[in-house]
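Let's take a look around a protein together. We'll stop at the ligand and then at one residue of the chain.

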Amino acid sequence: MDKISVIGAGSVGSSLAWLILINKLSKRISLIDIDEDWAKGIACDLNDSRFILKSDTFIEGSSDYSAVKDSDIIVVTAGSPRKPGMRRQDLLKINAGIISSVSKEIKKHSPGSIVILVTNPLDLMVYVALENTGFSSKRVFGMGSSLDSSRLANFISQETGVSVKDITPLVMGMHSKDMLVSKQSKIGVFSIEEFIPAEGFLALKEKTCNRGKEIVDYLKKGSARFGPAAAVVEIIEAIDKDSQKIIPVSCLLENEFSLGKFCTGMPCVIGKNGIEKVLQPHLLPEEKKLLSESARSFQESLKCLTD
Ligand code: APR
């Protein structure tokens with residue numbers, strides 16, 4: 001790949017740039033942050049590792065959006081963290097404002113790029129980016145459910161002793177504590193029940209839904225960075241290699257489940273064009289209920305944005 005831009009050089013953005021450099025996924029990385037000195041400092045530090053890591057990936061730090069020109073992929077991690085006492089809808093409005101202005105810059109400087117959103121609340125931010133870039137929904141989507149799936153796979157592996165490589169986790173829906181952790185997840189060709197009793201799986205489900213908060217509680221300041229960065233790299237590699245890999249991402253559903261138009265996590269086939277196909281897994285009755293709850297909550301938040 002010739003150029004990947006990362007908007008937001010904070011914890012996730014800098015960890016992501018580091019992984020791209022280590023894995024030599026792109027010749028250049030433009031690292032953009034509202035705090036120009038911060039972006040430049042992170043870029044200098046990363047570039048100093050190029051010789052040791054034998055990587056020709058070069059990183060440019062800037063606050064000038066013209067630096068994202070002609071990117072193959074743009075990853076957006078820019079956002080404001082939730083501060084103590086801040087209401088959920090206040091954060092929603094602040095980050096929607098940031099994503100809306102970032103999207104306009106992307107449209108202006110790199111109209112052919114694929115855009116991967118990371119900023120929370122993710123599903124809403126994907127919608128805001130779609131509206132403000134006007135790009136096809138194949139090219140604008142969010143990293144969320146693949147991280148949740150990776151978290152579930154980690155817990156299943158720890159519980160059963162089976163390698164993470166043999167676990168096929170299935171997590172969909174909202175990228176929040178109300179995500180849809182499916183008991184249709186598999187261990188090799190076996191159903192979960194063959195390894196873990198129902199109440200055991202419920203406990204793992206609970207741990208998966210609360211993992212983001214668990215990390216925040218431990219860290220005191222900041223939130224998850226390595227897991228999110230790794231999950232974005234998985235998507236970048238699938239695009240780069242046109243691998244047609246199934247990865248759950250936050251995508252626009254037009255009316256696939258008769259729930260109207262909204263963004264949520266669904267397994268998608270990812271290739272060189274971004275989302276090659278949105279898959280529609282068979283949902284159990286309780287899963288249908290949860291997905292319809294996701295649609296309702298999405299519409300409610302959208303209304304709060306326009307009020
Ligand atoms: N343009 C560019 N950069 C911005 C803007 C903007 N308008 N607003 C904020 N930023 C930058 C900040 O200066 C900061 O460096 O975005 C960066 C965000 O980094 P962190 O605060 O460290 O947040 P991080 O932990 O990386 O998480 C980023 O990903 O997982 C989600 O919930 C998380 O929404 C959050 C996002």
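## Before we start

A polar contact is a pair of N or O atoms within 3.5 Å; inside the protein, one atom must be able to donate a hydrogen and the other to accept it. Keep in mind that what you're looking at is a predicted model.

## Who sits around the ligand?

How many residues surround the ligand? There are 15, and the closest are Ser-11, Val-12, Asp-33, Thr-77 and Asn-120. Sort the shell by class and you get 8 polar residues, 6 nonpolar ones and 1 charged one.

Now for the oxygen atoms of the ligand. Asp-33 reaches one with a polar side-chain atom, at 2.6 Å. Ser-11 uses its backbone instead: an N or O atom there lies 2.9 Å from a ligand oxygen. Gly-79 also has a backbone N or O atom facing a ligand oxygen, at a distance of 3.5 Å. As for cover, the ligand on its own would expose 730 Å², and the protein buries 79% of that.

## A stop at Thr-264

Find strand β13, which covers residues 262–271, and you'll find Thr-264 in it. Is Thr-264 buried or exposed? Its relative accessibility is 0%, so Thr-264 counts as buried.

Conventions
Residues are numbered from 1 along each chain as its sequence is written. This is a predicted model: local features need pLDDT of at least 70, side-chain atom pairs count only at pLDDT 80 or more; totals for chains, interfaces and linings use all residues. Side-chain values use heavy atoms; hydrogens and water are left out. A residue is near a molecule or strand if one of its heavy atoms lies within 4 Å of it. Accessible areas come from the Shrake-Rupley method with a 1.4 Å probe; for residues, only the protein chains shown count as cover. Ala, Val, Leu, Ile, Met, Phe, Trp, Tyr, Cys and Pro count as nonpolar, Asp, Glu, Lys and Arg as charged, and the others, Gly among them, as polar. Helices (H or I, at least four residues) and strands (E, at least two) are DSSP runs, numbered from the N terminus. Buried means under 20% relative accessible area, exposed over 50%, partly exposed in between (1.4 Å probe, protein chains only).
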